[in-house]
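Let's take a look at how two protein chains sit against each other. Have the sequence and the 3D view open as you read.

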Amino acid sequence: LEDVQAVAGLVRRAVAGDAAAWEELVRGYNRRIYNLCYRFTGSPDEAEDLTQEVFIKMYRSLGSYDVERGAFVSWVTTLTRNLLVDHFRKSRQDRITDSLDAAPTQDEDAPTPAEQLADPKAGPEDRVRSQQTQQLVQQALGKISPELREAVILRDLQDMDYREIAAILKVPEGTVKSRINRGRTELARLLQRTHRQVM
Amino acid sequence: MTETGHKPMNCAEFDAHLAEALDGLLSPAEMAGMVTHASGCPLCAPAMALAQEGRSLLRGLPELEPPAYLVQKILTVSSEVAPQTVED
């Protein structure tokens, strides 16, 4: 959890031109923003470019952050999400949708994707398999609609609560819960289908 | 979640509270209502299992390390622009 007042102090100093304060903000939030961008786009290059864009936008608009209106992390996440939506709209026409059919093959005794990710005693081969599973999950994430994708990323990967997500997406909490359900379900269904296809 | 007392939960109510159930945000009584409904519903039991699997898959994804040079790149680029004090 972020220290709201400490972060607000950093923001004030950064707005006033304090380079050290700005660097602290960049170091403190770049990982979170990069992960959000990577999980949404599925591309390390796009995630890198978008993270950079988010910080430029953030730097330019730091003065508009109001601590009374919510945590800095929510403000940053909203900014990132809006940029991701813009990026998605711009790139949707030439987006390449990779086929899950091209996924790595698994042998007949292979555990389900969920079992692979959950196994705490994984050996080297299991770890390779687990990496393949992570790729499959990432591919499946890219196949579900952006509305469902952003909801499950914010909840299951960024660990935000329903209220925060509702504020970021500007939809009621009930809609957030419904999107999270549908996102989880669609993702599992896609992965089950892939698992069956390679058996 | 609204307490339904002894009134059996229907599928719409089950669906509305499924995310909270899987996230462990329901009371024991509310959770018991969910389990009771799922045990007798041929639609909601598999729906719950599927959503649970999706949740596990997502939460099994690791947090990624950004490229080591990214912070410096951001600092360099942002040093070329000035922060604005007010923006809508």
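Between them, chain B and chain A bury about 4200 Å², and 62% of that is on carbon and sulfur atoms. Buried area here is the accessible area (1.4 Å probe) that two parts lose on being put together, summed over both. On the chain B side, B:Leu57, B:Leu58 and B:Leu61 lose the most area to chain A, together 16% of what that side buries.

Before going on, a word on the source: this is a predicted model, in which local features need pLDDT of at least 70 and side-chain atom pairs count only at pLDDT 80 or more, while totals for chains, interfaces and linings use all residues. Residues are numbered from 1 along each chain as its sequence is written, chains are lettered from A and ligands numbered from 1 in the order in which they are written, and side-chain values use heavy atoms, with hydrogens and water left out.

How many residues are in contact? It's 38 from chain B and 45 from chain A, where contact means heavy atoms within 4.5 Å. Polar contacts turn up too: 18 residue pairs across the interface, both partners at pLDDT 80 or more.

## Salt bridges

A salt bridge is a side-chain nitrogen of Lys or Arg within 4 Å of a carboxyl oxygen of Asp or Glu.

| Pair | N to O distance |
|---|---|
| A:Arg13 and A:Asp18 | 3.0 Å |
| A:Arg184 and B:Asp23 | 2.7 Å |
| B:Asp23 and B:Arg55 | 2.7 Å |

Why does the A:Arg184 and B:Asp23 pair join two chains? Because A:Arg184 lies in helix α9 (residues 173-197) of chain A, and B:Asp23 in the loop between α2 and α3 (28-40) of chain B.

Is B:Asp23 buried or exposed? B:Asp23 is buried, at 11% relative accessible area, and B:Arg55 is buried at 15%. (Buried means under 20%, exposed over 50%, partly exposed in between, with a 1.4 Å probe and protein chains only.) Salt bridges that share partners tie A:Arg155, A:Asp156, A:Asp159, A:Arg184, B:Asp23, B:Arg55 and B:Arg59 into one network.

Technical notes
A polar contact is a pair of N or O atoms within 3.5 Å; within protein, one must be able to donate a hydrogen and the other to accept it, and residues adjacent in sequence count only if both atoms are side-chain atoms. Helices (H or I, at least four residues) and strands (E, at least two) are DSSP runs, numbered from the N terminus.
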